[in-house]
Amino acid sequence: MNHNKSYEDITEIFRKKGKKILKATCITQIFPDDGTFMQLIPVDEYKSVGATLEPNRDIPVYKTWYLIPVIQIHGHPYSQLADYATIKEYLEEVIVCCKSCFAAYRKTRTDDESRFFAVSCGSEDLWIGHNFMQVFNSMQDQWDVECIGIDSNPDNCLINLDERRQVIIKLDNNTIEDNEPKITPKTTNVNTSSTSNLKSNTSGDCFVATATFGTPYAEEVSKYRNFRDNYLVKNALGRIFIKVYYSFLGLLLARAVRSNKTLKILMSWLLSRILLFLPK
């Protein structure tokens, strides 16, 4: 799907649907090896969205950090960078998770330390990389997010949401809408143990297709990603294939494709032909 990437476009769904999260209380995961923070929110039975806040290793100043929107397909051993379409669809959840990471950062620092640090977006998407912080800064004050704990054990991490919902009662032909906000506490334990590989594989995507076509943003890679998310994850055989592929098979094939020009050409031909038979 093509997007006319702009502030107005990426906030369009949020502006149309309105705010549904009123407040969030979280226990955020920390990776002790480098101090990265992560928070995820499940958005359906197949995936979670969220964010990581991690030190920028390219700049030798510890107070320089990357804020990265992420997505995790449930059952996958890898998380991946969230693309533009995902951030647009779940912008509210992504920003709440970003705020959770910032709250966790502040909880581990003194007041002086938490006041002065530089943050940029670490997305490989050029528009997101250059503009997400502007979107985040313009919207973050709409949510009250509190970090009540930090834990390196993903089984202990959770996010508790107070949500606004609309109550609709239908009596015969009369419909009554209760527009007063109703608070529905929802606590979700988020197991993020498999997300620790995000830092070792920043593309976190369809390995072979990305290696073949040279970028995770190629149209062919997007089609394979859609097939995985819309078809493979919804049946048992597909989930078995995903588990095997992301455990070792995909990494081995991708490594071979990147190192062999002839194999890359053959794989490009093969993957392009397979796309002709996949559902649209």
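Me: Two strands pair if DSSP finds at least two bridges between them. In this predicted model, which residue is the bridge partner of tyrosine 66 in β6?

Reply: Strand β4 covers residues 64–73, and strand β6 covers residues 118–121. Four bridges join the two strands, which run parallel. Within β6, tyrosine 66 has as its bridge partner serine 120.

Me: How many bridges join strand β3 to β4?

Reply: Strand β3 spans residues 47–55 and runs antiparallel to β4. One of the pairings links lysine 47 with isoleucine 73 of β4. The number of bridges joining β3 and β4 is nine.

Me: Which residue in β5 is the bridge partner of isoleucine 71?

Reply: Strand β5 consists of residues 80–81 and runs antiparallel to β4, with two bridges between them. In β5, isoleucine 71 is bridged to glutamine 80.

Me: How many of the 10 residues of strand β4 are buried?

Reply: Buried means under 20% relative accessible area. Strand β4 is mostly covered, and its count of buried residues is nine.

Me: What is the handedness of the crossing of α8 and α10, left-handed or right-handed?

Reply: Glu220, Lys223 and Tyr224 in α8 meet Leu271, Ile274 and Leu275 in α10. By class, this contact has four nonpolar, two charged and no polar residues. The crossing of the two helices is left-handed.

Methods. Residues numbered from 1 in each chain as written. Predicted model: local features only at pLDDT ≥ 70, side-chain atom pairs only at ≥ 80, totals over all residues. Heavy atoms only, no water. Buried < 20%, exposed > 50% of the residue type's maximum accessible area, 1.4 Å probe, protein only. Left-handed = near helix turned anticlockwise from the far one by under 90°. Contact = heavy atoms within 4.5 Å. Nonpolar A, V, L, I, M, F, W, Y, C, P; charged D, E, K, R; others polar.
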